[in-house]
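Welcome, and thanks for taking a look at this one with us. Below is a short briefing, grouped by topic, to read alongside the model.

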Amino acid sequence: MNPDTLKYTEEHEWIINQDGIYTLGITEYAVDELGEITFVELPEVGKFIERGEDIAIVESVKAANDIYSPVTGTVVEVNDILDMEPDLINRDCYGKGWIVKLKDVNEDEYNDLMDARSYRGFLKTVDQ
Amino acid sequence: MMRYTPIAPEYARHQGRVVDFHGWGLPLHFFGIIEEHAHVRSQAGVFDCSHMGEFVVRGDTAIAALSDMVVGDLVALPVGRCRYTALVQDDGGIIDDCVAMKPAHDELMLVTNAGPLHEVAALLEACVPGVENISHRTAKIDVQGPLAFQVLQALGFDDIRELGFWNVKRREDGLIVARAGYTGELGYELYTPNSAAVSLWRALMELSPVMPCGLGARDTLRTEMGYPLSGQDVTKARTPLEAGMERFIAWHTEFPGKQTLLAQRDSGDYQVLTPLRSPDRRAPRFGYVLRHDGRDVGEVTSGTFGPSVQCGIGLGYVPLALAQPGTSVQAGPREQTVFVEKPPLYKDGSGRNPVT
């Protein structure tokens with residue numbers, strides 16, 4: 001994925017709509033903060049998730065972090081390679097390290113998310 | 001205002017990521033926690049531990065005064081030996097866990113942690129005649145790993161070959177070397193004046209088996225051994241008995257809180273710090289409540305992924321009756337199962353191996 005085309009949250013997740021399938025992952029900033037990722041708990045396919053509900057858990061050596069869904073939708077696919085290779089997220093967080101795909105997503109919630117430029121601006125305020 | 005060790009200017013050469021640890025700017029990692037951890041288990045890692053406290057106590061009277069403040073018998077500590085002990089307050093709570101070393105017959109060095117350093121310094125200065133706080137002018141470099149002796153031999157430390165596990169000596173150049181550490185591997189702690197610290201650090205970095213390591217790997221390595229961390233697993237809210245230090249308590253000596261500890265020991269009714277092991281890669285985490293048979297029974301005080309054991313591990317307090325290897329308890333909001341274990345969780349450490 002090209003980071004410039006993604007939507008972002010203040011919790012350092014990214015999401016993108018490709019023909020009605022929304023792919024979700026965590027950003028480079030999140031990965032840098034977490035350090036080496038050692039375990040990912042994925043949701044069940046078919047699960048309906050409301051915005052703000054936890055959708056996955058990403059654990060690193062340092063910490064366990066809940067990932068909250070930035071949109072309402074239904075899980076259509078999970079990246080189960082992460083069961084064996086959780087550090088794929090470290091190596092390729094915008095590509096092979098995606099976490100979940102959703103469908104039937106609330107588009108208004110999606111459209112309200114930050115674009116890449118806004119997210120970069122947000123990061124500057126975080127690092128102060 | 002963040003404090004830095006004399007070695008801190010060197011961190012940037014190795015892209016160290018610096019974090020605040022009890023007011024000290026120390027490296028969390030250089031290459032990555034897991035890589036540094038694995039390197040210490042297989043070769044040799046070097047840690048800057050200069051933030052720690054060192055106090056020198058000279059003469060029988062002063063050594064006896066110090067011994068009265070800790071749960072161990074430091075008067076009986078033989079020359080050339082180190083002993084793990086704890087400074088305790090009147091209610092039996094642990095002020096700090098520490099290591100006493102005796103490099104000479106009338107001299108003892110107490111090594112303490114960064115967190116409670118000011119309090120420990122004030123306490124020692126009030127109670128131990130002539131105690132000298134050398135923390136601000138002493139650097140501590142830990143060389144840890146199965147190749148630790150070869151590394152130091154390459155720097156001319158051939159004279160430490162005969163040092164056994166938890167032995168200490170002062171070299172002719174004045175440097176104090178203790179065969180100890182916090183990783184479970186063969187290792188040496190080097191205590192040197194600040195002025196010599198950077199050149200020693202640089203000389204170590206020149207050697208190919210050596211990797212600089214940060215607090216992150218130090219934490220995963222010590223957790224795999226079941227060693228507690230001061231201020232986290234070991235606090236004033238816990239007694240040495242609770243902290244799993246029973247074998248380091250010299251009951252024949254006097255120390256603060258002794259009556260509390262005797263009552264606790266005789267009742268058998270207390271929580272004890274125990275290693276925890278997860279059946280999978282998910283880790284218990286600091287602050288997680290521990291439950292057993294539907295009741296809250298304790299808490300997790302350390303938790304991480306164990307790179308050498310390849311599963312989630314931790315330390316936590318459970319009632320003595322539950323501190324049996326194999327007991328299952330549920331940890332945290334998702335009630336994940338973890339098993340009580342005996343230390344160490346990682347059993348293949350080179351710490352006690354003979355040096356050849």
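This is a predicted model: local features need pLDDT of at least 70, side-chain atom pairs count only at pLDDT 80 or more; totals for chains, interfaces and linings use all residues.

**Chain B as a whole**

- The C-alpha trace of chain B spans about 60 × 45 × 45 Å along its principal axes.
- Seven helices and 19 strands make up the secondary structure of chain B.
- Of its 356 residues, 59% count as buried.

**Salt bridges**

- Side chains of opposite charge can pair when their charged atoms come close.
- Over all chains, a search of the whole structure turns up 33 salt bridges.
- One of the pairs to look at is B:E224 with B:R41, whose side chains meet at 2.9 Å, N to O.
- B:R137 and B:E132 form another salt bridge, with their closest N and O atoms 2.3 Å apart. B:R137 counts as partly exposed because its relative accessibility is 39%. B:E132 has 26% relative accessibility, so B:E132 counts as partly exposed.
- A network of salt bridges links B:D159, B:E162, B:K169, B:R171 and B:D173.

**A nonpolar patch on chain B**

- B:M2, B:Y4 and B:V18 make a nonpolar surface patch of about 260 Å².
- Of these residues, B:V18 is found in strand 1 (residues 17–21) of chain B. With 36% relative accessibility, B:V18 counts as partly exposed.

**The open sheet in chain A**

- In chain A, three strands form an open sheet in the order 4-6-7, with antiparallel pairing.
- Strand 4 (37–41) and strand 7 (64–68) of chain A are the edge strands, each pairing on one side only.
- On average, neighbouring strands of this sheet are turned by 20° against each other, direction ignored.
- Five bridges pair strand 6 (residues 54–60) of chain A with strand 7 of chain A in the antiparallel sense. For A:D54, the bridge partner in strand 7 of chain A is A:Y68.

**Strand 9 of chain A and its partners**

- Which residues of strand 9 (residues 100–103) of chain A lie on the covered face, and which on the uncovered one? A:V100 and A:L102 are on the covered face, while A:K101 and A:K103 are on the uncovered face.
- Strand 3 (residues 21–26) of chain A runs antiparallel to strand 9 of chain A, and three bridges join them. Opposite A:L102 in strand 9 of chain A stands A:Y22.
- Strand 8 (residues 73–78) of chain A pairs with strand 9 of chain A over four bridges, also in the antiparallel sense. A:K101 in strand 9 of chain A is the bridge partner of A:E77.

Terms used: Residues are numbered from 1 along each chain as its sequence is written. Chains are lettered from A and ligands numbered from 1 in the order in which they are written. Side-chain values use heavy atoms; hydrogens and water are left out. Two strands pair if DSSP finds at least two bridges between them. Helices (H or I, at least four residues) and strands (E, at least two) are DSSP runs, numbered from the N terminus. Axes are lines fitted to C-alpha atoms, for helices over the stretch in contact, and angles run from 0 to 180 degrees between N-to-C directions. Patches are made of residues with over 30% relative accessible area and no salt bridge: like charges are joined within 9 Å, nonpolar side chains (Val, Leu, Ile, Met, Phe, Trp, Tyr) within 5 Å. Accessible areas come from the Shrake-Rupley method with a 1.4 Å probe; for residues, only the protein chains shown count as cover. A salt bridge is a side-chain nitrogen of Lys or Arg within 4 Å of a carboxyl oxygen of Asp or Glu. Buried means under 20% relative accessible area, exposed over 50%, partly exposed in between (1.4 Å probe, protein chains only).
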